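Let's take a walk through this structure together. Keep your viewer open and your selection tool ready.

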Amino acid sequence: MTLPEKRQAPPPKAAPQPAQAAQSAPAVIASPTPRAAAAPRAPHRPGPPPEDPPAPYHPDHTGPSGRVSLLRIGWHAVPRAGLRRLTVWPATGAGLLLGRNQQQVPVPLKLFDSDPVRVALVGGVWAAQLLIFRAFAIGARAMVVTTEQRAWSGFGERATGQYQRLTVLGGEPDALPPGTAQTPSLIVYDLGVTGPATAPPLGPWTSTLTVLRQLDRPGVAALQEADLTLMQRLGGDESTLAAATLRLSQQNGQLLQFMTDDMVALVGGGPDRFVSLNQTGIEQQYLGPPRR
């Protein structure tokens, strides 16, 4: 009797490749399910400054590694080569805003510096006190040497609420208060028509303001020695003398007679300028309206 042939099991089918499986597998559509509520997002806060990513060396890159940092939102990164092209200028000294010129451009007055500054003012006590009032705002203290102490009585206390910010003397001081960059010192000479008999040596951050109530021959020396000259409206003889002493143009010499009460002419430290002082409300409250 013949035994039946033993059937061999068919070889296992090879697993379909991914492309074949995608073609042969039936499409499955997932039933919709409710989505969980999204967690509230924390407010965006910029992270620390970005690290400089590696970059191929380029001969124009002057940094140690020749890498340039990326710019990300919240940070402004500058290439190292750009940083080396930046220039840091030296400090220019403390200054105050004098006013605006005829083009409405602000005009600063470099009243204090590491080197002494000498200023002459042809005008009245009102203009001198306005300058001192603004100097108080940048931390200055003042000493006034005057022949008319009543004009200065109580001014420092009213302007600053302190007694030590301004000292009024009837004669030459024995010593001048030293100045610093944080607390510059201003020495004011209000002696009528002339400056001090002797010009005391000045240290750094110490300046002088010589007030000439009227400009006449005795006051010419003060104009010649000044680094900066300020003038309120002048009379005919005063403007002629000022123009000759300061070598002003004929037009500017004539304009000295036609300025309004709230204007000064600034000579020195650049081109000659005619400046509107733009008195603030608080300045008018303490000093009154412009006048000479």
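How many salt bridges does the structure hold? There are six, a salt bridge being a side-chain nitrogen of Lys or Arg within 4 Å of a carboxyl oxygen of Asp or Glu. Before we visit some, note that this is a predicted model, where local features need pLDDT of at least 70, side-chain atom pairs count only at pLDDT 80 or more, and totals for chains, interfaces and linings use all residues. Residues are numbered from 1 along each chain as its sequence is written, and side-chain values use heavy atoms, with hydrogens and water left out.

Select Arg134 and Glu283 to start. Their closest N and O atoms are 2.8 Å apart in a salt bridge. Arg134 sits in helix H3 and Glu283 in helix H8 (residues 281–287), so this pair ties together parts 149 residues apart in sequence. Helices here are DSSP runs (H or I, at least four residues), and strands (E) have at least two, numbered from the N terminus. Both Arg134 and Glu283 are buried, meaning under 20% relative accessible area, with exposed over 50% and partly exposed in between (1.4 Å probe, protein chains only).

Next, select Lys110 and Asp113, whose salt bridge has its closest N and O atoms 3.1 Å apart. Lys110 is partly exposed at 41%, whereas Asp113 is buried at 14%.

Now pick Arg233 and Asp261, which meet in a salt bridge at 2.9 Å, N to O. Arg233 is partly exposed at 34%, as is Asp261 at 39%.
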